Every structure is written in C-alpha cells, then in structure tokens.
Amino acid sequence: RILVVPAYPHYSGTTTASVCDAVYDWAASTRNIPELRFVQRYHDDAPYIAALAARIRAHWAVHGQPDQLV
C-alpha cells in the first residue's frame, strides 16, 4: 500500500495533479501495482492544525514571537 500526500494544502492542476500524474506514470510501468491512496485535503484537519500550532508555540518559546524580536 502506498499513501500519497502531496505537500500542498490546496488542489491545483499544476501542483497536486502533477504529483498524482507522476504516481500514475510510475504505476503504469510497474508490474505489481500496490494499492494507491491519495490524501486530497489536509489543511483544515483539526489534528494537523493543532500540530502546526504546537510547533509554532515551541519555536516562540525558544526564539520569541516576531513582534517581540528587536
């Protein structure tokens, strides 16, 4: 099984679709095609947003917030 997660938080034919096209091109040349799954949207997933917020807070704890920098 292969889970494909294009690293774009939105759909665009020039970005997300190009990833899908590349995966399908690879699969077309493979004898034993695995199960393929594509994540289409993740930008509004609550755990994803929470993980980003936690990373930002951790960065601010070490480096300060932008409005606090001199």
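Phe38 has a relative accessibility of 18% and therefore counts as buried, where buried means under 20% relative accessible area, exposed means over 50%, and partly exposed covers the range in between (1.4 Å probe, protein chains only). The structure discussed here is a predicted model, in which local features need a pLDDT of at least 70 and side-chain atom pairs count only at pLDDT 80 or more, while totals for chains, interfaces and linings use all residues. Residues are numbered from 1 along each chain as its sequence is written, and side-chain values use heavy atoms, with hydrogens and water left out.

**Confidence**

The protein chain has an average pLDDT of 88, and 94% of the residues score at least 70; pLDDT is the predictor's confidence in each residue, on a scale from 0 to 100. Within the protein chain, confidence is highest in β1, at 95, and lowest in α1, at a mean of 92. Where pLDDT is low, the predicted coordinates should not be read in detail. The element names follow DSSP runs numbered from the N terminus, with helices (H or I) having at least four residues and strands (E) at least two.

**The aromatic pair**

Rings of Phe, Tyr and Trp (its six-membered ring) are taken as a pair if their centres lie within 6.5 Å, and the pair is called stacked for planes under 30 degrees apart, edge-to-face for planes over 60 and tilted for the rest. The count by this rule comes to 1 aromatic pair. The ring centres of Tyr24 and Phe38 are 5.3 Å apart and their planes stand at 45°, so the pair is tilted. Because Tyr24 lies in helix α1 (residues 16-28) and Phe38 in strand β2 (residues 36-38), the pair ties together parts that are 14 residues apart in sequence. Tyr24 is partly exposed, at a relative accessible area of 47%, whereas Phe38 is buried. Apart from neighbours within four places in sequence, Tyr24 is in contact with Leu36 and Phe38, contact meaning heavy atoms within 4.5 Å. From C-alpha to C-alpha, Tyr24 and Leu36 are 9.2 Å apart in space, and they are 12 residues apart in sequence.

**The salt bridge**

A salt bridge is defined by a side-chain nitrogen of Lys or Arg within 4 Å of a carboxyl oxygen of Asp or Glu, and a search of the whole structure finds 1. It joins the side chains of Arg1 and Glu35, at 3.4 Å from N to O. This pair links distant parts of the chain, since Arg1 belongs to the segment before β1 (2-4) and Glu35 to the loop between α1 and β2, 34 residues apart. Arg1 is exposed, with a relative accessible area of 83%, and Glu35 is partly exposed, with 42%.

Which residues does Pro6 contact, leaving aside its neighbours within four places in sequence? They are Thr16, Val19, Val39 and Tyr42. Pro6 sits in the loop between β1 and α1, and its C-alpha is 7.8 Å from that of Gln40, although the two residues are 34 apart in sequence. Thr16, in helix α1, touches Pro6, Tyr8, His10 and Tyr11 when residues up to four places away in sequence are not counted. Thr15 is found in the loop between β1 and α1, and with the neighbours within four places in sequence left aside, Thr15 is in contact with Tyr8 and His10. The relative accessible areas of these residues are listed below.

| Residue | Relative accessible area | Class |
|---|---|---|
| Pro6 | 4% | buried |
| Thr15 | 16% | buried |
| Thr16 | 2% | buried |

**Helix α2 and the segment after it**

Tyr48, Ile49 and Leu52 form a nonpolar patch on the surface, with about 250 Å² of accessible area together. Patches are made of residues with over 30% relative accessible area and no salt bridge, like charges being joined within 9 Å and nonpolar side chains (Val, Leu, Ile, Met, Phe, Trp, Tyr) within 5 Å; accessible areas come from the Shrake-Rupley method with a 1.4 Å probe, and for residues only the protein chains shown count as cover. Leu52 lies in helix α2 (residues 46-63) and counts as partly exposed at 40% relative accessibility. Pro66 is found in the segment after α2 and is exposed, with a relative accessible area of 58%. Pro66 and Pro47 are 19 residues apart in sequence and 24 Å apart in space, C-alpha to C-alpha.
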